[in-house]
Amino acid sequence: MNQWIGGALALAALILGGVFFGWQGVVLALSGIIFWLLMQFTRLMRVMRMTQSAPVGRIDSAVMLNAKLREGMRLLEVLPLTRSLGNKLAAEPETWGWADAGGVRVELVLEQGRLVRWQLIRPEGEAVQAGTAADGPA
């Protein structure tokens, strides 16, 4: 959710709670806001706990990660897919990278915290086979 929308909803809940139910309404709205913040914090801690045991920037399969990525994903949505923290490759634009045991890398570029583009990079000298099923042996 956009942070401006979330802030506006929280403020509206506080105001409406105060107008309709007095101080009890404000306390109820504040309880709801705190509960929502605790849920977000718990989600963040769960993702960080999941990534703590893996080496930084290593994944099982870069090709599988490449297939699962979608434009607009947040880094917090990418980390459960990788199960490891990525290597920060550049600050501007924000670029993160992961590599598998075969040397295949995935580089992600984020703008304003959202995935805008990514690329799969194969190691130098590796022959990439391209073609169709009809190109097989005759």
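Modeller: Start at Thr95, which lies in strand E2, residues 94-99. Strands (E, at least two residues) and helices (H or I, at least four) are DSSP runs, numbered from the N terminus. This is a predicted model: local features need pLDDT of at least 70, side-chain atom pairs count only at pLDDT 80 or more, and totals for chains, interfaces and linings use all residues. Residues are numbered from 1 along each chain as its sequence is written, and side-chain values use heavy atoms, with hydrogens and water left out.

Is Thr95 buried or exposed? Thr95 is buried, with a relative accessible area of 9%. Buried means under 20% relative accessible area, exposed means over 50%, and partly exposed lies in between (1.4 Å probe, protein chains only). What does Thr95 touch, leaving aside its neighbours within four places in sequence? Its partners are Asn87, Lys88, Leu89, Ala90, Leu108 and Val109. Contact here means heavy atoms within 4.5 Å.

Pro93 sits in the loop between strand E1 (87-90) and E2. A cis peptide bond joins Glu92 to Pro93, with omega about -5°.

Now the backbone at two other loops. Arg83 is in the loop between helix H4 (75-82) and E1. Its phi is near 60°, a positive value in a residue other than glycine. Arg83 is exposed, at 53% relative accessible area. Gln112 is not a glycine either, yet its phi is positive, about 55°. Gln112 belongs to the loop between strand E3 (105-111) and strand E4 (114-121). It is exposed, with a relative accessible area of 82%.

Thr51 is found in helix H2. With neighbours within four places in sequence set aside, Thr51 is in contact with Leu79, Arg83, Ser84 and Leu85. Thr51 is buried, with a relative accessible area of 2%.

Thr51 also takes part in a helix pair. The axes of H2 and H4 come within 9 Å and cross at roughly 35°. Axes are lines fitted to C-alpha atoms, for helices over the stretch in contact; angles run from 0 to 180 degrees between N-to-C directions. H2 passes H4 in a left-handed crossing. A crossing is left-handed if the near helix is turned anticlockwise from the far one by less than a right angle, and right-handed if clockwise. On the H2 side, the contact is made by Arg43, Leu44, Val47, Met50 and Thr51. On the H4 side, the residues are Leu76, Glu77, Leu79 and Pro80. By class, that contact of H2 with H4 has six nonpolar, one polar and two charged residues. Nonpolar covers Ala, Val, Leu, Ile, Met, Phe, Trp, Tyr, Cys and Pro; charged covers Asp, Glu, Lys and Arg; the others, Gly among them, count as polar.

H2 has another partner. The axes of helix H1 (residues 3-21) and helix H2 (residues 23-51) come within 6 Å and cross at roughly 155°. H1 and H2 are therefore roughly antiparallel to each other. The cut-offs: under 35 degrees is roughly parallel, over 145 roughly antiparallel, 65 to 115 roughly perpendicular, and the rest oblique. H1 passes H2 in a right-handed crossing. H1 brings Ala10, Ala13, Leu14, Gly17, Gly18 and Phe21 to the contact. H2 brings Trp23, Gln24, Gly25, Val26, Ala29, Leu30 and Ile33. By class, the contact of H1 with H2 has nine nonpolar, four polar and no charged residues.

Ile15 also has its place in H1. Ile15 is partly exposed, with a relative accessible area of 48%.

Last, the whole chain. It has four helices and four strands. Read along the sequence, the pattern is α-α-α-α-β-β-β-β. Of its 138 residues, 22% count as buried. Among contacts between residues at least 6 apart in sequence, 47% join residues at least 24 apart. The chain exposes about 9900 Å², and carbon and sulfur atoms supply 62% of it. Accessible areas come from the Shrake-Rupley method with a 1.4 Å probe; for residues, only the protein chains shown count as cover.
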